[in-house]
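Trainee: Can we go through this one together? I would like to start with the contacts between side chains.

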Amino acid sequence: MKQKSNLWSMLSVMMVAMLSIGFAACGSDDNDDEGGSSVTISEANLIGTWETVLSESYVIYNGQRYSAAELEMDGENDRAQFKADHTYCTHYWNSRSQNWVVDQKDNGMWSLSGNIITIKFDKDGDVHTIPITEFSASRMVIKQNEKDEEGGVIYIYQVLKKID
């Protein structure tokens, strides 16, 4: 039973990490046909809403690989919003109401240093660092490997497009 509890703890960490990352993209930064030229990652370029267009993630726990899709935590249909006042929130698609809803669990403050976004969540004070591996004015890619306190490894790859 403890193993199942540990798995769900790890999945909770993975979901928070995925929601805090809901904003990446793939492709070459110098391909003008893909929506923008390569730009420096700056606060001004990061501010806005980023929508997940591709999300691949999994957890390895006790030698067993669990895909996020298998665990119904795939991170698709997520948006991350970086505001000019350095507040951060995520949005998810509500299929019943057919609109985007702010996820009340994932609000916080953000900062940028080089290619690393740091998010401190209001609810629990957790701090996540998110490396940006590719960036343009309209697209972002994030790749992350993160160990958790239960001994598992979370792998996340997300591609996001800027929608405003």
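Mentor: A definition to begin with: a polar contact is a pair of N or O atoms within 3.5 Å, and within protein one must be able to donate a hydrogen and the other to accept it. Keep in mind that this is a predicted model.

Trainee: Okay, which side chain does Ser55 join in a polar contact?

Mentor: That of Gln158, with a polar contact of 3.3 Å.

Trainee: And is Ser55 buried or exposed?

Mentor: Ser55 counts as buried because its relative accessibility is 11%, and buried means under 20%. Ser55 is in strand S1, residues 48-61.

Trainee: Switching to rings. How many aromatic pairs are there in the whole structure?

Mentor: A search finds six. One of them is Phe82 with Trp110, an edge-to-face pair at 5.6 Å centre to centre, with 90 degrees between the planes.

Trainee: Which parts does that pair tie together?

Mentor: Phe82 lies in strand S3 (residues 78-82) and Trp110 in strand S5 (residues 99-113), so the pair links parts 28 residues apart in sequence. Both Phe82 and Trp110 are buried.

Trainee: What about Tyr88 and Phe121?

Mentor: Tyr88 and Phe121 also form an edge-to-face pair, 6.3 Å centre to centre and 80 degrees between the planes. Tyr88 is in strand S4 (residues 87-94) and Phe121 in strand S6 (residues 116-121), so this pair ties together parts 33 residues apart in sequence. Both Tyr88 and Phe121 are buried. Phe82, Tyr88, Trp110 and Phe121 form one aromatic cluster.

Trainee: Last one: where does the charged end of Arg65 sit?

Mentor: Over the ring of Tyr58, 3.7 Å from the ring's centre.

Terms used: Residues numbered from 1 in each chain as written. Predicted model: local features only at pLDDT ≥ 70, side-chain atom pairs only at ≥ 80, totals over all residues. Heavy atoms only, no water. Phe/Tyr/Trp six-rings, centres within 6.5 Å; stacked < 30°, edge-to-face > 60°. Helix = DSSP H or I, 4+ residues; strand = E, 2+ residues; numbered from the N terminus. Buried < 20%, exposed > 50% of the residue type's maximum accessible area, 1.4 Å probe, protein only. Lys NZ or Arg CZ within 6 Å of the ring centre and 35° of its normal.
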